[in-house]
Amino acid sequence: MVTKILIFCVILSVASCYQIRSQYEGGNEACLTACAGGSAPGSDWVLYGSQDAYVDIDITHCGFIKAPAVTTSIHGKTRHWRARGASAVYSLNEEMFRVYISRDEGNTLNEAKGNGWYIQYTAIGYIC
């Protein structure tokens, strides 16, 4: 198990590495798996407040039995470098998580949809 955790630590951030080690220590090594995917470009964003946006990411296809460790990044055609919050994961469980984004000015939802912004993720957890 330690070897798999160390390999995943190279892929993920140090914070995620700590979360994996503390959350999954003593588990069945054969059940630890990685799953990756993303939201649909520009189409899954929902207005939050007056100018911000969020997207819910479905991870049921991964088959996790409890909340995995997740890292995220934002992608798109242009201007996604201006978004804040894309690496913060909320409402995480074995089936889904949410990411909120905002900008200093303008309507984040219109920017996200118009420029095809989407969230890519890597999740690591147990499937048995």
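1. A disulfide is a pair of cysteine sulfur atoms within 2.5 Å. With that in hand, a friendly word on where to look: this is a predicted model, and it holds two disulfides and four salt bridges. The notes below take the cysteine pairs, then the charged pairs.

2. Start with Cys31 and Cys128, whose sulfur atoms sit 1.7 Å apart, within the 2.5 Å cut-off, so the pair counts as a disulfide. The torsion about the S-S bond of Cys31 and Cys128 is about -90°, which means that this disulfide is left-handed.

3. Now see what that bond connects. Cys31 lies in the loop between helix 2 (14-24) and strand 1 (32-38), while Cys128 belongs to the segment after strand 6 (118-126); the pair links distant parts of the chain, 97 residues apart.

4. A value of -70° about the S-S bond makes the link of Cys35 and Cys62 left-handed.

5. On to the charged pairs. Side chains of opposite charge can pair when their charged atoms come close. Arg98 and Asp56 do this through a salt bridge of 2.5 Å, N to O. Arg98 is in strand 5 (residues 96-101) and Asp56 in strand 3 (residues 52-58), so this pair, 42 residues apart, links distant parts of the chain as numbered strands define them. Arg98 counts as buried because its relative accessibility is 19%, under the 20% limit; Asp56, at 36%, is partly exposed.

6. Glu111 deserves a look of its own. Its salt bridge with Arg79 has the closest N and O atoms 3.6 Å apart. Glu111 is in helix 3 (residues 108-114) and Arg79 in the loop between strand 4 (69-75) and strand 5, distant parts of the chain that lie 32 residues apart. Glu111 counts as buried at 10% relative accessibility, while Arg79 is partly exposed at 41%.

7. Glu111 also forms a salt bridge with Arg103, the closest N and O atoms being 3.2 Å apart. Both Glu111 and Arg103 are buried. Through shared partners, salt bridges join Arg79, Arg103 and Glu111 into one network.

Terms used
Residues are numbered from 1 along each chain as its sequence is written. This is a predicted model: local features need pLDDT of at least 70, side-chain atom pairs count only at pLDDT 80 or more; totals for chains, interfaces and linings use all residues. Side-chain values use heavy atoms; hydrogens and water are left out. A salt bridge is a side-chain nitrogen of Lys or Arg within 4 Å of a carboxyl oxygen of Asp or Glu. Helices (H or I, at least four residues) and strands (E, at least two) are DSSP runs, numbered from the N terminus. Buried means under 20% relative accessible area, exposed over 50%, partly exposed in between (1.4 Å probe, protein chains only).
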